[in-house]
Amino acid sequence: MVTFYTTNQHGLAVTATATNALWISAVNPTEAEQHYLLNELNVPEAFYNDIEDIDERPRIEYEDGWYLIILRVPVKHNSERLPYTTAPMGIVFKEGIFVSICFSQNELIPDFIHYSQRKRILPVNHFDLVLRLLLSSSIWFQKYLKQINQLIKHAEDNLEKSIRNEDLQALLQIEKCLVYFITSIKGNEMLFCRLRNLKEHRDTYDADLIEDVEIELRQAQDTTNIYSDILTGTMDAYASVISNNLNVIMKRLTSISIILMIPTLIASFYGMNVPNELQNTPYGLWVIALASFILSVAGVLLFKKKNLF
C-alpha cells in the first residue's frame, strides 16, 4: 500500500495525492504500486531490489543523485515459532522526492505519524526525517523488548511448575528474536555513525536530535544485551537442572536395582541343586524370606545413610 504524507500545522498528515507530498510510504507494494515507484517516480530498480532482500544490512549509498539508506526495523508476527524479527526499510530520496519502502507490515510508521502530530514535529529536510525514523525504530525495539521480557517471565513461571519441552522451545525462539535484534541494532548504530559523519550534511543536523538518536540506540543495544545474557543464563540453569534431575533418577534406579538384587541372590543360592541344611525343614522358606528381608532393610538403611536414596 502506498500512502502520501504532507505537513500541516499539526505535523505529518495523510494526503490523497502525490502533489506536494513530503513523504511517500510504500508497505508491501503491489505490482501496480511497484510500477508507479519504478516508472513514474523513477526509483532506481537496483535500489528497489536491494530493499526487497529480507537479509539486507543497514547502509547508505549514493548513485545518480539518489540516496539509498537502509535501516532495520522491528516486526511483530502472530507466530509462536518466531514472534519477533526485523526487516529492512529502504529510504530512497533525492531533491523533491522522499520514498520509504518496506516489504513487511510494521507498527512503526503509523505510530511515527501519530507521534509527529502529538508533538507537532515538522521535518526540516530529508536527512532530518531519516534520523527521526531511525529514532522511532530504536524506540520500537525497546517496546518489543519489554514484551519479550514478559514472554520470558511467563515461560519461567511455567518451567518452575513443570519442565516441559514446549516452554524450553519458547525460550529458544525468544533467544533467536534477541539475536536478530542485537544484529539489527548494531547495524543501525553503524548506519547512524555514517550519517552523522557525512561532511556535506553534518553541520546542518539538529544537535538535540543527534543526541536523542544516539541515546536511544545505545539504550536499545544495552537492553537487548542484558535480556540476551539473562536468557542465556536461564537456559543454562534449566539445562543443569534437567541434567541433575536425570542423575538423581538414575541414582535412585541403581539403588533400587541393588536392593532388589539381594533377595534374588539369596534365593538363587537356596535354589541350587546341592544339599543344604534347609531342604528338610518346613521353615526353610520363611528363614530365607526373613534373611532376604533383613538384608534388604539393612541395604536400604545403608543407602539412606550414604544419601543414595
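Tyr5, Trp23, Tyr62, Tyr67, Phe93, Phe98, Phe112 and Phe127 form one aromatic cluster. This is a predicted model, in which local features need pLDDT of at least 70 and side-chain atom pairs count only at pLDDT 80 or more, while totals for chains, interfaces and linings use all residues. Residues are numbered from 1 along each chain as its sequence is written, and side-chain values use heavy atoms, with hydrogens and water left out.

The structure holds 13 aromatic pairs. Rings of Phe, Tyr and Trp (its six-membered ring) pair if their centres lie within 6.5 Å; planes under 30 degrees apart are stacked, over 60 edge-to-face, and the rest tilted. Trp23 and Phe98 make an edge-to-face pair, 6.5 Å centre to centre with 85° between the planes. Trp23 lies in strand 3 and Phe98 in strand 7, so this pair ties together parts that are 75 residues apart in sequence. Strands (E, at least two residues) and helices (H or I, at least four) are DSSP runs, numbered from the N terminus. Both Trp23 and Phe98 are buried. Buried means under 20% relative accessible area, exposed over 50%, and partly exposed in between (1.4 Å probe, protein chains only).

Now turn to Tyr84 and Tyr144. Their pair is tilted, at 5.2 Å centre to centre and 50° between the planes. Tyr84 lies in strand 6 and Tyr144 in helix 4, so the pair links parts that are 60 residues apart in sequence. Tyr84 is buried at 3% relative accessible area, and Tyr144 is buried at 1%.

Next come the cysteines. A disulfide is a covalent bond between the sulfur atoms of two cysteines. Here the test is a pair of cysteine sulfur atoms within 2.5 Å. A search of the whole structure finds 0 disulfides. The sulfur of Cys102 is 17 Å from the closest cysteine sulfur, in Cys177, so the two are too far apart for a bond. Cys102 is buried, at 1% relative accessibility. Cys193 is partly exposed, at 30%.

Finally, look at the largest pocket. A pocket is an open set of points on a 1 Å grid over the protein atoms alone, where a 1.4 Å probe fits, with protein on both sides within 12 Å along at least five of seven lines; lining residues have an atom within 4 Å of a point. The largest pocket is lined by 14 residues, and Glu80, Glu166, Gln169, Ala170 and Gln173 lie nearest its centre. Helix 5 gives the most to this lining, with 6 residues.
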